[in-house]
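Here is a short tour for anyone who likes to think in contacts and accessible areas. Please keep the sequence and the 3D view open as you read.

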Amino acid sequence: AFQEIDIFGITLPIVKHSYVVRNPKDISRIVAEAFFIAKEGRPGPVLIDIPKDVGLELFDYNPINVGNITLPGYQLAVSTSEKQIRAAANLIQHSNQPILYVGGGAIISNA
């Protein structure tokens with residue numbers, strides 16, 4: 001087994017969050033949290049590292065609905081007020097040569 005490889009550290013710069021499962025009883029919670037984090041805000045990958053010794057243990061898997069997840073300290077995306085949108089539209093309308101630099105977030109948010 002490759003338990004001596006620090007997959008957590010290797011993937012840290014390219015994932016939204018990483019988990020290392022220490023107890024098989026935590027897997028259902030970790031999977032639900034990982035899906036929540038992966039889908040919330042800007043979508044992105046979440047690593048769940050299950051070491052071989054933990055993966056070989058027998059346990060009862062009871063799935064948790066992602067909608068029932070609350071993470072301490074995790075702040076959901078803040079919505080923009082209509083006043084802010086009007087102010088931005090006004091600035092664009094009154095600029096000489098407006099340029100909009102729009103990324104994938106505009107597509108994801110259905111802007």
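Let us begin with Leu71, which is in contact with Glu33, Phe36 and Ile37 once its neighbours within four places in sequence are left aside. Keep in mind that this is a predicted model.

Leu71 also belongs to the largest nonpolar core, which has 13 residues. Among those that touch the most other members are Leu71 together with Tyr19, Val21, Phe36, Ile37, Val46 and Ile69. The most is given to this core by helix 2, residues 27-39, which provides 7 residues.

Arg29 lies in helix 2 as well.

Is Ser18 buried or exposed? Ser18 counts as buried because its relative accessibility is 8%, under the 20% limit. Ser18 has its place in strand 1, residues 17-20, and it touches Phe8, Thr11, Leu12 and Leu47, not counting residues up to four places away in sequence.

| Residue | Relative accessible area | Class |
|---|---|---|
| Ser18 | 8% | buried |
| Arg29 | 34% | partly exposed |

Finally, have a look at helix 4, residues 82-93. Its 12 residues reach 16 Å from the first C-alpha to the last, close to the 16 Å expected at 1.5 Å a residue. How many of the 12 residues of helix 4 are buried? The count is 0, and helix 4 is hardly covered.

Notes
Residues are numbered from 1 along each chain as its sequence is written. This is a predicted model: local features need pLDDT of at least 70, side-chain atom pairs count only at pLDDT 80 or more; totals for chains, interfaces and linings use all residues. Side-chain values use heavy atoms; hydrogens and water are left out. A nonpolar core is a set of buried Ala, Val, Leu, Ile, Met, Phe, Trp, Tyr and Cys residues joined through side-chain atoms within 4.5 Å. Buried means under 20% relative accessible area, exposed over 50%, partly exposed in between (1.4 Å probe, protein chains only). Helices (H or I, at least four residues) and strands (E, at least two) are DSSP runs, numbered from the N terminus. Contact means heavy atoms within 4.5 Å. The expected span of a helix is 1.5 Å times one less than its number of residues.
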